[in-house]
Amino acid sequence: MTGKNSSLMESTFTPLSLAMLQLYLLSMLFFTASSILTIIFPLQAEKSGISEGEIGFIMGITMFVCMILRPWAGQMIAKYSVKKMMKWLLIGHAVTLTLYILFGIHSLYVVRVLQGIVLAFFSMSMQLGISDLLRNKDRGQGMSMYTLSTVMPSLYGPLLAIILWQQLDAKYLIGCIIVLAILPLLLFIRAPLPQDQKTVLAFSFRELLGAVKKTTSSKGLVIAAITMILGSTIIGAISTFLPLYMLKFNLGNLAIYLFIQALVVVGSRFILRKRIPSDGHWHPNFIILVLLSSTIGTTMLAFGEQLGYFIYLSAMFNGLASAMLYPTIVTYISFAIPEKKKHILLGVYLATYDLGFSFGSLAMGVVVQYSSYAFMFIVCSIVAFVAIGLVLLKRNIC
């Protein structure tokens, strides 16, 4: 696609045009599969006798692979075009789901690795594509709509997963997965994704390490990265082990809990979107409030058997922390990274969320296996307190 055509495309599409709505729907269907399987996989693994430690490894490996590949995703997409990369990504997505249908529990390791590969490139492809399609003044609204489409599945995905798991025959789960493998490909056929290839500044692994090493002198970036890792560690642990915990001890209704948590995530991202600091400065008080919300939520989960139906309150605190942590720290990082090295470093620092999420599944699985779910959630609260202490200690970094 020529630069002239790209400019024409920019002036043609609006954030709420039918073509853009098609892209949002494509994203929503893609993340629906992930939302359902994130619930199904741990339940199926536990039923098959797999230990909590191994379940944590299986669930954590996806974000670990995503973390490794994310820094190079933008480089490859620019080289081969958004349209071409999206085509192969969606084919890979369909193949991944097909492997799970054919081989079931025995395919989980391969499936989770493939999910990590696809996820690393999908989100970057969509964000780059939307940036190219919309005018600068509409880009923020387009990104907000895309973000909303990625979190919408968390409203209905877990509920659908619980129904498929507990109340319906396995053939319905298989049918649902087949539909979620095919529909994104059909939506892609006439999707208005950019086809132009761009010249980008390539970088090697050695250059990557060198650039990261230079930024360690920036206390703001270091504290932000560590806070992101610690905070997302808690989110990863909750995502992996909450379903097992609530079903094992019969704590309320899992579907209702996940719906409340997702509703808070979606609602707070919309209602509080203007409250997220966007001035390039580190705002320790705001971050501390987010981490305190996480602390309260995980502490309540630790005493879930004593709380009874009050356990649903923890869904609100965990949902608020999950909604605010990522956009707040990413916004700061986008300002703090040196402009000359942004094409190298942005993916690295965004990957700190993936690292923490992966570590939460991996490490907390071991904690659960050798102690208890209640103690694991206490450990999560301690992690949040450590993050709060770090932010308080370095509150005047910038």
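What volume does the second largest pocket have? I read about 370 Å³ for the second largest pocket. Before going on, I note that this is a predicted model, in which local features need pLDDT of at least 70, side-chain atom pairs count only at pLDDT 80 or more, and totals for chains, interfaces and linings use all residues. Residues are numbered from 1 along each chain as its sequence is written, and side-chain values use heavy atoms, with hydrogens and water left out.

**Entry: the pocket**

I took the pocket terms as follows: on a 1 Å grid over the protein atoms alone, a pocket is an open set of points with protein on both sides within 12 Å along at least five of seven lines, a cavity is a set of points where a 1.4 Å probe fits but cannot get out, and lining residues have an atom within 4 Å of a point. Grid points are joined across faces, edges and corners, and a volume is the space filled by probe spheres set on the points.

I found 18 residues lining the second largest pocket, and those closest to its centre are Val212, Val348, Tyr349, Thr352 and Leu355. Helix 3 (52-80), helix 9 (205-215), helix 10 and helix 15 (342-370) are the elements that give two or more residues to this lining. Helix 15 has the largest share, five residues. Helices here are DSSP runs (H or I, at least four residues) numbered from the N terminus.

I sorted the lining of the second largest pocket by class and got 16 nonpolar, two polar and no charged residues. Ala, Val, Leu, Ile, Met, Phe, Trp, Tyr, Cys and Pro count as nonpolar, Asp, Glu, Lys and Arg as charged, and the others, Gly among them, as polar.

**Entry: the cavities**

I looked for cavities of 30 Å³ or more, and the structure holds two. The largest cavity has about 60 Å³ of space. Its lining includes Pro277, Asp279, Trp282, Ile287, Thr328 and Phe335. Helix 14 (residues 312-336) gives the largest share of that lining, four residues. By class I counted five nonpolar, six polar and one charged in the lining of the largest cavity.

The second largest cavity has a volume of about 40 Å³. I listed Gly231, Ile235, Val290, Leu291, Ser294, Ala321 and Leu325 as its lining. Helix 10 (219-248), helix 12 (284-302) and helix 14 each give two or more residues to it, and the largest share, three residues, comes from helix 12. The lining of the second largest cavity has five nonpolar, two polar and no charged residues.

**Entry: helix 10 and helix 16**

I then turned to helix pairs. Axes are lines fitted to C-alpha atoms, for helices over the stretch in contact, and angles run from 0 to 180 degrees between N-to-C directions. The axes of helix 10 and helix 16 (residues 373-393) come within 10 Å and cross at roughly 165°. Helix 10 and helix 16 are therefore roughly antiparallel to each other; angles over 145 degrees count so, those under 35 as roughly parallel, 65 to 115 as roughly perpendicular and the rest as oblique.

I noted a left-handed crossing for helix 10 and helix 16. A crossing is left-handed if the near helix is turned anticlockwise from the far one by less than a right angle, and right-handed if clockwise. The contact of helix 10 with helix 16 divides into 19 nonpolar, one polar and one charged.

**Entry: helix 4 and helix 5**

The axes of helix 4 (residues 82-103) and helix 5 (residues 108-133) come within 9 Å and cross at roughly 155°. I therefore put down helix 4 and helix 5 as roughly antiparallel to each other. Their crossing is left-handed.

**Entry: helix 2 and helix 7**

How do the axes of helix 2 (residues 18-47) and helix 7 (residues 153-166) cross, and at what angle? I found that they come within 8 Å and cross at roughly 40°. That makes helix 2 oblique to helix 7. The crossing is right-handed.
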